[in-house]
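Dear colleague,

Please find below the structure that I am handing over to you. The notes that follow set out what was found in it.

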Amino acid sequence: MSTDARMLDIARQHFDLMRGRSIEVPEWQVDGKPVTVHFDPMTLHQRHQLQQRARGNEARGVALAVIMFAKDANGARMFEDDAETLAALETQVDPAVLSRIATEMTRSTPRADLGN
């Protein structure tokens, strides 16, 4: 195996370990328990799509990240990807909570924490 192919395998393995991350959102409760938002890491292609849709509007990018990538424990999207949901997240939901979720979705995870 060439060095290039080996490095690509190592990079892919790292990315695979990043799948299945989650963040607990204590402000959002269901039956007295905090909601857990599940997500996978964004690919470069997905980040590009997010940036294009946000059109340089950072606040809109936060809301769109949550819409596009937040999943429940079964892997189903938590939010509809439509104008009504976007408007609600932009105007009727605590921006600090949305920002915390989006930041977690986009941050890099230390290798020691991967796969846990």
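**Findings**

Gln51 belongs to helix α2, which covers residues 44-54. Please note that the model is a predicted one. With a relative accessible area of 56%, Gln51 is exposed, because the cut-off for that class is over 50%. The C-alpha atom of Gln51 is 9.5 Å from that of Ala65, a residue 14 positions away along the chain.

**The chain as a whole**

The protein chain holds five helices and two strands. Along the sequence, these elements follow the pattern α-β-β-α-α-α-α. The C-alpha atoms occupy a box of roughly 55 × 35 × 20 Å, taken along the principal axes. The chain has 116 residues, of which 28% count as buried. Among contacts with a separation of 6 or more, 51% are made by residues 24 or more positions apart.

**Helix α3 and its two partners**

Two packed helices are described by the angle between their axes and the distance between those axes.

Helix α3 spans residues 58-69 and helix α5 spans residues 95-106; their axes come within 9 Å and cross at roughly 65 degrees. This angle makes α3 roughly perpendicular to α5, because angles of 65 to 115 degrees fall in that class. The crossing of the pair is left-handed. On the α3 side, the contact is made by Val62, Ala65, Val66 and Phe69, and on the α5 side by Leu98, Ser99, Ile101, Ala102 and Met105. Eight of the residues in this contact are nonpolar, one is polar and none is charged.

The crossing of α3 and α4 is right-handed. Here Arg60, Ala63, Leu64 and Ile67 of α3 meet Thr85, Leu86, Leu89 and Glu90 of α4. The residues of the α3 contact with α4 comprise five nonpolar, one polar and two charged.

Which strand contains Arg21? Arg21 lies in strand β1, which runs over residues 21-30. Arg21 counts as buried, since its relative accessibility is 11% and the cut-off is under 20%. The side chain of Arg21 reaches the backbone oxygen of Glu104 at a distance of 3.0 Å.

Glu104 itself is part of helix α5. At 18% relative accessibility, Glu104 is also classed as buried. When neighbours within four places in sequence are set aside, Glu104 is in contact with Arg21, Ile23 and Phe39.

Asp16 is placed in helix α1, which covers residues 3-17. Is Asp16 buried, exposed or partly exposed? The relative accessible area of Asp16 is 45%, so this residue is partly exposed. The side chain of Asp16 makes a polar contact with the side chain of Arg19, at 3.2 Å. The C-alpha atoms of Asp16 and Pro41 are 8.9 Å apart, although 25 residues separate the two along the chain.

**Two residues with positive phi**

Asp31 has a phi near 55 degrees, a positive value in a residue other than glycine. Asp31 is located in the loop that joins β1 to β2, the latter being residues 33-39. With a relative accessible area of 75%, Asp31 is exposed.

Arg55, likewise not a glycine, has a positive phi of about 50 degrees. Arg55 sits in the loop between α2 and α3. At a relative accessibility of 69%, Arg55 counts as exposed.

With kind regards

Conventions:
Residues numbered from 1 in each chain as written. Predicted model: local features only at pLDDT ≥ 70, side-chain atom pairs only at ≥ 80, totals over all residues. Heavy atoms only, no water. Helix = DSSP H or I, 4+ residues; strand = E, 2+ residues; numbered from the N terminus. Buried < 20%, exposed > 50% of the residue type's maximum accessible area, 1.4 Å probe, protein only. Axes fitted to C-alpha atoms, helices over the stretch in contact; angles between N-to-C directions. Parallel < 35°, antiparallel > 145°, perpendicular 65-115°, else oblique. Left-handed = near helix turned anticlockwise from the far one by under 90°. Contact = heavy atoms within 4.5 Å. Nonpolar A, V, L, I, M, F, W, Y, C, P; charged D, E, K, R; others polar. Polar contact = N/O pair within 3.5 Å; in protein donor to acceptor, adjacent residues only side chain to side chain.
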